[in-house]
Amino acid sequence: MKKIWVRNLLAFSLLTGIAHTSFMTQEAAAESSRTSAVQGYTVQSGTIREAGGMTAAAPLLADGMFVAVSDKDENVNHIGLKELGIFAGIIFVIYQSFRIFRQRKRKEKLLGEAQAYSTDLYRDSERLGLLADLYKGPSAEKRIRPVEAELKDVSSILDEMTAMISGIKISFIGNVKTMEETMGECRVLLRQYQGVYGSLKASIDKLCELEKQNDKVVSELQAKIESLLARAKDRSAAYRVDDLEEELLSLQKRIGIIDREQMSDFIDVQEHLAPEREQLAEIERLLAELPELHNRQQKFKGQIESARDDVNRSIREHGLDSSDLTSFASLDRAEALSAAMLEALNAGRIREAARISSDVTGLIKHSVIAAGELAELRESLTKTLRLLKSGLRELDYPESAFKEELKRVKEYFAESVWSFMRGEFDQFTALVREITPKLPEVENMLAEGRFNEGGKKLIALMEKYELAEKKYVRLQVYEAANKELNGLRERVHACWMDFQETVSFISSEGLEEALHSRDLGDLKYKIHDRKEMIDRRMSSPPIQLDRLRRDAEAMSADIQAYRARVEQIADQQEEYEDEEESKSVVINVNFK
């Protein structure tokens, strides 16, 4: 194939040369012909061979056609154009043949894919059809019919695509662009169909799997019932299992009904029989625990008596009041339920006996825990009472001590500092007087073991004590006021030292602008005046702490403003000096 193409291309080159010479003068054409002959090749009978020393007037044979080079210009021109047209037609035919071959292959591939999908769809349709023929109930209508409708739609789509692909016309002369676009659309549609078909196939697979599982679930449950019935029969030799046997027979009937229903309707047996499966598991557990239930019932009597002994021991050791305990009532209830459990076991009511067994166990545990919790409560309340009595002793603050404190505060501080003291002291005194008489009553309740009642009263007294303690702390005014005053002194001193440091900075850095700044001068005098005023107010009773707070805040703000302005001037001076230094360097360089 490759040789044929090479041969055709060489022939085309030679023919092009002949056509070219037809438009030359006789001398130029002769020279061109001689040049061709000198190159040493001629074309004859579809092959290329050496010219063998032929002259310029020798004939050239191309594809079996004789080409004569005549002296007459009109003959040369006529024959050259004719040969060129024939060769171009051959090339066109070859190209179109190759295109048709390639497009047919692509069409066959697309059609093959569509037919393969059609085969798969037919197979799935058969599977779904079997299910539709077998099941006609409401569940089948709900589960199968929508899938059938979807399958029908997908089948119609596939038929249309197959017809579209089959209808693609591949002709020797036609609109190639339209043909390519149609094939591209078909290819895209097939890829989209692949996803739709995948979803449909998954739905059909799920339905077929559900049918298999339905039969499997029914068989498993029926076998389970037969096994449990046999086990119940074995247990009946030593125990009554009447209720369990009745439950198993009832379950067998219900499962049979479901089985018959799933023969005609497409239900989900696993979902329908979920309660029955759980019930079978419960029956299996009860049959396994049946001997243990009898043993447990026989041990309950001893456990109840042991719990009573533990509760009585706690009462004696911790001085508890039995009226506060629910332990004995719980044990009495447990004893009655133990007798009811034995009756249920003897009657074959195993499920009821298992429930009673759980209740009895819980009551016995509660009785012992309740006694222990009450003993812990006694210890906690006793400790709280001890702390309360100790705290009240520390809050001893008679009228005389209060008056002494008030006198000291009045001598040194303004009224705004001590005006609240009288009302606060009266409230404090009332709280203490309310707590103190009730302490013996609470103490007696705890000693008698009445912890619930005594505990409630003690908690109320503790809340009042905490409030009285806060008021007592607030009444220590002289100490608190002096502490705040000393704090203000330290703050003012720290601000003043910052100010002095800033003033020293101005001198050390030679900040001329700062030295001659009017706004900084005014601010400096203002800071000096405020410092003197604060010193006078701190040393001249009655001292007004609220006013001193405001003065300290104002002084701090003025000093911060003063420092910020000085730093701004320093930055500006540094920038000016840097610029001057740069100019000096430039002048020196230019001079050199």
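Start with helix α19 (residues 545-591), which gives the most to the negative patch, with 8 residues. Helices here are DSSP runs of H or I with at least four residues, numbered from the N terminus. Before you go further: this is a predicted model, where local features need pLDDT of at least 70, side-chain atom pairs count only at pLDDT 80 or more, and totals for chains, interfaces and linings use all residues. Residues are numbered from 1 along each chain as its sequence is written, and side-chain values use heavy atoms, with hydrogens and water left out.

**Stop 1: the negative patch**

Select E509, D571, E574, E575, E577, D578, E579, E580 and E581, and you have the negative surface patch. A patch takes residues with over 30% relative accessible area and no salt bridge, with like charges joined within 9 Å. Asp and Glu count as negative, and each charge is placed at CG of Asp or CD of Glu. Areas come from the Shrake-Rupley method with a 1.4 Å probe.

Now pick E581, which sits in helix α19. Its relative accessibility is 53%, so E581 counts as exposed (exposed is over 50%, buried under 20%, partly exposed in between).

**Stop 2**

Time for some pairs. Side chains of opposite charge can pair when their charged atoms come close. A salt bridge here is a side-chain nitrogen of Lys or Arg within 4 Å of a carboxyl oxygen of Asp or Glu.

Select E424 and K471: they form a salt bridge, with the closest N and O atoms 3.5 Å apart. E424 lies in helix α13 (residues 421-435) and K471 in helix α15 (residues 451-474), so this pair ties together parts that are 47 residues apart in sequence. Both E424 and K471 are buried.

Next, select E434 and K464, whose side chains meet in a salt bridge at 2.1 Å, N to O. E434 is in helix α13 and K464 in helix α15, so here the parts tied together are 30 residues apart in sequence. E434 is partly exposed at 32% relative accessibility, and K464 is partly exposed too, at 24%.

While you're selecting charges, show E247, E282, R285, E289 and R351: salt bridges that share partners join them into one network.

**Stop 3**

How many salt bridges does the rule give? The count comes to 26. One more to select is K224 with E284, closest N and O atoms 3.0 Å apart. K224 lies in helix α5 (residues 176-235) and E284 in helix α8 (residues 274-318), so the pair ties together parts 60 residues apart in sequence. K224 is partly exposed at 31% relative accessibility, and E284 is partly exposed at 26%.

Conventions
Helices (H or I, at least four residues) and strands (E, at least two) are DSSP runs, numbered from the N terminus. Buried means under 20% relative accessible area, exposed over 50%, partly exposed in between (1.4 Å probe, protein chains only). Patches are made of residues with over 30% relative accessible area and no salt bridge: like charges are joined within 9 Å, nonpolar side chains (Val, Leu, Ile, Met, Phe, Trp, Tyr) within 5 Å.
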